[in-house]
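Visitor: I am new to this structure and would like to learn how to read its features. Could you take me through them slowly?

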Amino acid sequence: MSKYDNAKFYWLILQENFFDEDAIEWIEEQTDGEKYALFYLKLCLKSLKTNGILVRKVGEMLIPYTPEKLAELTKTNKDTVIIAMKLLQKVGLVKLLTNGEIYLTQIDQMVGSKSHGAFKKQQQRLLGNSK
């Protein structure tokens, strides 16, 4: 019997009409809107494993992300981060929680995951190799 590790693969699922949704469409209509939409997608990817919550954990401390740290995390200009966060909050895609955590409100509808073992087995079946 094969021994599979417990690692998980996560992926972001975008609906076919993602860029046609009112919130994303409105964000993209803003000056530099494409940058804000890309920043949002980067935040989504960074929060896949944490159910849409972004906060730094240092030992037992939870440290909120600053605009500078978000810029570093997403490789985005700090000014873009500041404006994007305001816009994303305005349309309800992002909420700042009282403890400083950033919560991406739609992420639960956009995440898929599978264990490494299940992924490997699926690949074997697809290739017709059921070892």
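Guide: Glu-72 and Lys-69 both sit in helix α3, three residues apart, which is about one turn of the helix; helices (H or I, at least four residues) and strands (E, at least two) are DSSP runs, numbered from the N terminus. This is a predicted model, in which local features need pLDDT of at least 70 and side-chain atom pairs count only at pLDDT 80 or more, while totals for chains, interfaces and linings use all residues. Residues are numbered from 1 along each chain as its sequence is written, and side-chain values use heavy atoms, with hydrogens and water left out.

Visitor: How many salt bridges does the structure hold?

Guide: A salt bridge is a side-chain nitrogen of Lys or Arg within 4 Å of a carboxyl oxygen of Asp or Glu, and the structure holds two. In one of them Glu-72 pairs with Lys-69, the closest N and O atoms being 3.3 Å apart. Glu-68 pairs with Lys-78 at 3.2 Å between the closest N and O atoms, and this pair links distant parts of the chain, with Glu-68 in helix α3 (residues 67-74) and Lys-78 in helix α4 (residues 78-90), ten residues apart.

Visitor: Is Glu-72 buried or exposed?

Guide: Buried means under 20% relative accessible area, exposed over 50%, and partly exposed in between (1.4 Å probe, protein chains only). Glu-72 has a relative accessible area of 55%, so Glu-72 is exposed, whereas Lys-69, at 27%, is partly exposed.

Visitor: Where does Phe-9 lie?

Guide: Phe-9 lies in strand β1 (residues 8-12), and its relative accessibility of 33% makes Phe-9 partly exposed.
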